Amino acid sequence: MRLSFRRAAPDPDQLLVRTVCHELRPPMTMLSGLIRALENEPPEPRRGELTRLAAEHAAYAEAVLGQIAAAARGGTGDRPAAAPLGTFLSSAAKSAPPGLLAVTATRSALHWPVHPWHTRQILINLIGNAVRHSRGPVRLRSAVRARRLRLAVIDQGGPTAVLRAALERRTPPPGDHGVGLWVVRQRLADLGGTVRARALHPSGLAMEVTLPRYRG
């Protein structure tokens with residue numbers, strides 16, 4: 001006799017809680033660091049920049065909570081106005097440890113209209129994955145080609161079986177591992193975008209995202 005075990009479907013409430021914890025961790029960590037820096041910095045010259053970054057991450061955390069609350073009510077929440085990628089690219093990049101991430105962006109990419117909350121979530125999750133799962137420097141490239149915004153997070157790793165499975169899975173991950181990439185895929189599905197993993201020669205991994213123009 002052969003026994004078969006059916007894996008239980010993920011509990012929607014547990015998934016919601018795990019998503020909240022995962023998505024709020026980066027802005028809360030950044031806010032804590034910025035607040036400590038504000039306490040220690042002299043009034044000039046960096047106080048204004050630190051205050052601006054703190055306000056941006058607080059607004060992002062509020063937006064995440066708003067999305068989660070809307071999802072809990074069975075809705076999608078309000079659609080924010082489009083914002084140029086350049087308005088928050090630098091603050092999203094600061095989710096990486098200092099000196100680890102290099103950012104390049106074309107002028108057209110900086111002016112490309114995007115969903116400000118979803119695109120920030122996508123970038124923070126992909127940057128966070130690159131920092132956690134690879135060694136060495138990480139690069140973020142932004143450009144516009146064929147009427148699409150092209151974002152690439154490049155690290156020293158490579159495509160693995162786990163990564164390929166995460167990109168193909170049709171249900172949420174059962175644990176905390178893989179939640180970030182699941183969120184990325186859901187946000188891109190909402191925006192009509194795509195994500196893929198591409199091996200680089202002779203080594204390296206590029207997580208490549210395409211996004212159409214967002215019109216709010």
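Predicted model: local features only at pLDDT ≥ 70, side-chain atom pairs only at ≥ 80, totals over all residues.
Residues are numbered from 1 along each chain as its sequence is written.

Helices (H or I, at least four residues) and strands (E, at least two) are DSSP runs, numbered from the N terminus. Five strands form an open sheet with mixed pairing, in the order S2-S4-S5-S7-S6; two strands pair if DSSP finds at least two bridges between them. At the edges are S2 (101-105) and S6 (194-199), each pairing on one side only. Strands S5 (residues 148-155) and S7 (residues 205-211) run antiparallel and are joined by seven bridges. Within this pair, Val153 stands opposite Met207 in S7.

Next, the helices. Which strands does helix H5 lie across? Helix H5 (residues 116-133) lies across S2, S4 (138-145), S5 and S7, where contact means heavy atoms within 4.5 Å. Of the 18 residues of H5, 14 are buried, so the helix is largely enclosed by the rest of the structure; buried means under 20% relative accessible area, exposed over 50%, and partly exposed in between (1.4 Å probe, protein chains only).

Finally, Arg213 lies over the face of Trp112, at 4.4 Å from the ring centre. A charge sits over a ring if NZ of Lys or CZ of Arg is within 6 Å of the ring centre and within 35 degrees of the ring normal.

Key
Heavy atoms only, no water. Axes fitted to C-alpha atoms, helices over the stretch in contact; angles between N-to-C directions.
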